Amino acid sequence: MPAGQTPSGPGAGGPPPADAGGEAVAGENPPARRNLADLIESIEPSVVRIDVQDEEGSGNGSGFVVDQDGIVATNYHVIAGVTRATVVFSDGGQAQVIGHVLLDAGRDIALLKINYPAEKLKPLKLSASLPRKGESVVAFGAPLGLSFSASEGIVSGIRTQEELAGFNKQAEGEWIQTTTPISPGNSGGPLVNHQGEVVAMNTAVLSEGQNLNFAISSVDIARAVQQKSATVATLSPETAPKLANAPQRESVVDETGTERGAKLLAEIKSVHLVVGATWDSTGGIAQTVVSKARDAVERAGIEEAFGIERNPAMCLVTVELGPTAGAAGARELTLSMVVLCGTTDTGKRQVAQVWKERERVGTFSYQSLARGVIPATSQTKISSFFRKFTSAVRKAQREQAAKDSEAKDSEAKGDAVKD
């Protein structure tokens with residue numbers, strides 16, 4: 001947006017942008033604020049993972065449903081250069097992308113068309129105005145291929161294209177700067193306020209700084225929805241070519257249990273620890289899990305990174321409190337943990353999954369949940385769960401040290417023969 005001009009939208013001097021169904025939303029009463037667990041539960045059915053293939057291999061991004069006709073919004077760079085794309089819903093439903101109805105490379109917006117039963121589609125509402133600085137927001141998507149993840153933060157700034165020109169001269173539109181953690185694979189996912197409205201679409205992270213994340217605004221997305229074509233164009237590298245300075249997709253390679261995975265696991269020096277919890281109203285359960293996870297990382301001889309290291313590994317722990325067939329209000333606690341690290345040992349940038357574990361660790365009564373108290377038996381199982389990670393790292397370190405020593409001895413013998 002050129003300097004000196006005001007954005008269009010309610011209260012901004014222009015026509016109101018459209019909602020997800022293409023109708024104006026000005027004058028409507030704002031929806032009620034939802035707690036985080038309810039918000040996640042209501043938004044996830046509308047969020048999709050987008051699996052793509054191109055000449056170099058496969059990758060993934062994120063997106064969300066914007067209308068009942070099967071239109072999915074995502075970033076342009078997610079589908080740039082691809083030959084095939086598949087949309088995956090949180091309930092496991094899938095649909096092939098049959099084409100696109102709008103491409104806007106400057107704002108990094110693409111509107112895709114899928115064939116999917118209309119009654120199963122749950123469009124998200126686009127916010128009619130820009131969010132306020134300091135407002136709490138939640139990012140949804142598939143960071144590093146981990147489908148249907150959610151992370152919370154705040155709006156830290158509203159940026160114009162002129163402000164971002166130093167980082168991306170192709171950028172157009174208005175951008176929401178946020179502290180909400182996003183990673184490769186989050187691109188195209190919705191950034192949502194606590195009223196359940198999309199305020200922006202997660203797009204890029206500036207690696208030059210710390211926690212500098214950017215999302216194209218709902219005002220720009222709404223304008224794109226209004227301008228979408230009635231004709232569906234075929235998705236191909238010719239119709240949606242890659243751009244020189246656009247963010248790049250990163251694929252996640254599963255190296256769990258392989259020799260390469262063990263080597264990468266042994267080489268981890270620092271790790272970002274990210275813990276997400278559902279249905280934990282007091283936060284007490286997540287707090288205990290965080291403490292146990294940190295102990296496991298420390299015992300493995302790995303430092304926890306706090307935004308200082310440029311290339312730490314990432315440890316994602318999910319605390320799931322799902323329904324059980326037991327007493328009313330009871331919940332079953334399941335822990336899952338995934339460790340990923342970036343690597344260039346193949347000659348190109350990859351993200352490798354090097355360890356994963358998932359385990360049910362106990363059932364909580366309604367009273368325990370309300371107080372955030374973990375029974376002693378579950379405490380023991382949680383500790384045992386994280387000890388598996390510590391043991392795996394130590395084993396990988398011992399095996400790698402033995403291989404390095406063997407290689408060094410072999411090299412020394414070779415030098416002696418030469419002499």
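Modeller: Happy to! Helices (H or I, at least four residues) and strands (E, at least two) are DSSP runs, numbered from the N terminus. This is a predicted model, where local features need pLDDT of at least 70, side-chain atom pairs count only at pLDDT 80 or more, and totals for chains, interfaces and linings use all residues. Residues are numbered from 1 along each chain as its sequence is written, and side-chain values use heavy atoms, with hydrogens and water left out.

Now to the patch. Arg299, Arg387, Arg394, Lys395 and Arg398 form it. A patch takes residues with over 30% relative accessible area and no salt bridge, and joins like charges within 9 Å. A salt bridge is a side-chain nitrogen of Lys or Arg within 4 Å of a carboxyl oxygen of Asp or Glu. Lys and Arg count as positive, and the charge is placed at NZ of Lys or CZ of Arg. Areas come from the Shrake-Rupley method with a 1.4 Å probe.

Helix H8, residues 376–418, gives the most to this patch, with four residues. Arginine 398 lies in helix H8, and counts as exposed because its relative accessibility is 55%. Exposed means over 50% relative accessible area, buried under 20%, and partly exposed in between.

For contrast, look at helix H4, residues 218–227, which is mostly covered: seven of its 10 residues are buried. Among them are Val219, Ile221 and Val225. Valine 319, in strand E17 (residues 313–323), counts as buried because its relative accessibility is 0%.

Terms used. Patch = residues over 30% accessible without salt bridge, like charges linked within 9 Å, V, L, I, M, F, W, Y side chains within 5 Å. Buried < 20%, exposed > 50% of the residue type's maximum accessible area, 1.4 Å probe, protein only.
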